[in-house]
Amino acid sequence: MEEIQSQSDNYRSSSSSASSPASRVPSSNFFYLRKPGALRQPISFEDSPDWEDNTDVEVRVEEGGGGDSINTATTPVSPSLSKLNSGSLPSPPLPEGAVVARKIAGATIVWKDLTVTIKGKRKYSDRVIKSSNGYALPGTMTVIMGPGKSGKSTLLRSLAGRLDDSAKQYGEVFVNGAKSDLQYGSYGFVERKNTLIGSLTVREFLYYSALLQLPGFFYQKKSVVEDAILAMSLGDYANKLIGGHCYMKGLPSGERRRVSIARELVMRPQVLFIDEPLYQLDSVSALLMMVTLKKLASTGCTLIFTIYQSSTEVFGLYDRICLLSNGNTLFFGETLACLQHFSNAGFPCPIMQSPSDHFLRAINTDFDRIIAMCKTWQDDHGDFSSVNMDTAVAIRTLEETYRSSADAAAVETMILRLTEREGPSLKSKGKASSATRIAVLTWRSLLIMSREWKYYWLRLILCMLLALCVGTAFSGLGHSLSSVGTRVAAIFVFVSFASLLSIVGVPAQLKEVKVYACEDSNQHSGGVVFLMGQLFASFPFLFLISISSSLVFYFLVGLRNDFSFMMYFVLNFFMCLLVNEGLVLVVATILQDMFWSISTLVFIHVAMMLSAGYFRIRSSLPGPVWMYPVSYIAFHTYSIQGLLENEYDGTSFAVGQVRTISGYQALHNVYDVSPDNDSKWRNLVILCVMAVGYRVVVFLLLHFRVKKSSSLFSFLCCKLKMNDRR
């Protein structure tokens, strides 16, 4: 403690000596606001006001009564700050005829001695959160703040009950005074990154989300969607495409973030968890976002979110702050009390500096590297080594000061008061049926596929061009014995390269997998529902591709002039595309990266083409060992074999004047096929089984969810590194 006190005294003395009293900016207003007409003098990093002279902060606990009993009295208070805290800042205008948002019965969240351990998360300790205490009340905004890797997101996920299986939670979490989990529909969780569908408008996206989440009839959910649009001030953007693609102009980042939050509001949750609501937003968008959330909290909803850094205006909107560093709670209480806490510990906030910047400056250990760099050089204004606050000492000072402060005692008293009796339990609002979800996802996927030209329309154009090129190159072959080998090559080239064109749809498949991961984490969807909807939606587009390109190729090459044989050709090619679609979905689910997915698919298709071509066409040669298993699992093999058997089944060719050979004998000399008359149907059944099998693999990958946010490849690499460290 002597070392801590000496470091604190040194920092306080350096702060007071950094600028003379004459050069200080008058600060009769709040600590970070300049008085109108004041002198504009340069203020150093260490230039801080005296809290004892300017502001008197008193933290007290009211006896009796309900609600929030921890209050902060400040004298004097800035008018600007009062407007922020009262929520009277100008907000985005509401649409004409808009109705005031409905009141929401919020819930009280209390956490006591909460500890979270994640094995291998950190080198020095498995404890990511260490004995944290706090609470969140209805109609308030509680922010969890701290530097990177301080445990903000882990604490948020722990309160929401969304920790990974590798994490272990200790301590107690109370919901309305009872030890119970949050039920489906009673809370919403917004991830840090936006996972939206750019080809839908804001209203369409929210409407489909409501259909997936809420039970009841379709027409009953329109009012819920309009309420969510009103709550997030999205009226001006309701009929605009979300966008976000390089070829589709969409909403700004701030409005996209609002849409992510509005998706959770369609359930009218009582508690809303948001991970970094200001992620990748500029200062104006951040302020508008927080004003909107402040209005949302005023309806009664309990808001808990994480913040890395914020401006002065945004800081004034917070009701309570939980300050973390390396999993330790350095402070929990009202925002102004946090400023007094830092001042009492010897680290007053400098004039004209954002409080959040000052907090992070004091507790972020990365600043030690900056200090070490500054001590090695100087500039025109003098030696930068005056910035000499040791963050490790500051963290210990703040932690010890908070433990022995009245703020910690007030929090404990409030926790006891909120948990001494149970309130109303949060009940589930019900879910939409599986049949409804499949129908909604099918219709939504159809709409997405029809609007995104890279999904199927580009593949249709490329397949038509391929059919024209291959058909023109192999046209006019006739039906002689000498044309058998050429027909085999034509069918082989058409099927193989048409399957390879499926890599065009990889970006869209990756996007669908990410959207599913986001919706499934919030229990809006499921593996079977997602696969069935995606499968049913792809049927019309794949059939359109197969019948258009097949007919062009079929008539240009001059295959058998019979309707039944032609329809088998179309059906076989359709099943080939369906199997290939499942293969693309498997690779996209495993890798979840565009470059590696496309590279892997190209490699797989080339391997299948080589095995099917080399081993099957030249079956008399042994070939490489790896081609044997690949040739039998390659769907190219069964598709090409079925098409060839369909073409030469029941045909014969004259050899000389007397002798004739069957079509099977002529074909067997070039390609390895079966003499059975039903072999082509057996190949078609195998393709159906493979189409189902690939989707079963996708379901297993989605069900076990090895790693949602990254690829299986990255997960395995991480595991290998952990084993090496051991």
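Is Tyr402 buried or exposed? Tyr402 is buried, with a relative accessible area of 8%. Buried means under 20% relative accessible area, exposed over 50%, and partly exposed in between, with a 1.4 Å probe and protein chains only.

The model is predicted: local features need pLDDT of at least 70, side-chain atom pairs count only at pLDDT 80 or more, and totals for chains, interfaces and linings use all residues. Residues are numbered from 1 along each chain as its sequence is written, and side-chain values use heavy atoms, with hydrogens and water left out.

**View 1. An open sheet of six strands.** The strand order is E7-E8-E9-E5-E10-E11, with mixed pairing. Strands (E, at least two residues) and helices (H or I, at least four) are DSSP runs, numbered from the N terminus. Two strands pair if DSSP finds at least two bridges between them. Strand E7 (187–190) and strand E11 (328–334) form the edges, and each pairs on one side only. On average, neighbouring strands of this sheet are turned by 15° against each other, direction ignored. Strands E5 (residues 141–145) and E10 (residues 320–325) run parallel and are joined by four bridges. Here Thr142 stands opposite Arg320 in E10.

**View 2. Helices H7 and H11 across the sheet.** Helix H7 (residues 253–265) lies across E7 and strand E8 (271–274), at about 155° to E7. Helix H11 (residues 355–363) lies across E5, E10 and E11, at about 25° to E10. Axes are lines fitted to C-alpha atoms, for helices over the stretch in contact, and angles run from 0 to 180 degrees between N-to-C directions. Contact means heavy atoms within 4.5 Å.

View 3. At 8% relative accessibility, Asn364 counts as buried. Asn364 touches Pro147, Tyr308 and Thr391, leaving aside residues up to four places away in sequence. The C-alpha atoms of Asn364 and Gly146 are separated by 8.1 Å, yet the two residues are 218 residues apart along the chain.

**View 4. The aromatic pair of Phe331 and Tyr402.** The structure holds 25 aromatic pairs. Rings of Phe, Tyr and Trp (its six-membered ring) pair if their centres lie within 6.5 Å; planes under 30 degrees apart count as stacked, over 60 as edge-to-face and the rest as tilted. Phe331 and Tyr402 are edge-to-face, 5.7 Å centre to centre with 65° between the planes. Phe331 lies in strand E11 and Tyr402 in helix H13 (residues 391–403), so the pair ties together parts that are 71 residues apart in sequence. Phe331 is buried, with a relative accessible area of 0%.

**View 5. The stacked rings of Tyr456 and Phe541.** The ring centres are 5.2 Å apart and the planes lie at 10°, so this pair is stacked. Tyr456 sits in the loop between helix H15 (434–451) and helix H16 (457–473), and Phe541 in helix H19 (residues 527–557), 85 residues apart. Tyr456 is buried at 1% relative accessibility, and Phe541 is buried at 9%.

**View 6. Charges over rings at Tyr184 and Phe565.** The charged end of Lys431 sits over the ring of Tyr184, 4.9 Å from its centre. The charged end of Arg560 sits over the ring of Phe565, 3.9 Å from its centre. The criterion is NZ of Lys or CZ of Arg within 6 Å of the ring centre and within 35 degrees of the ring normal.
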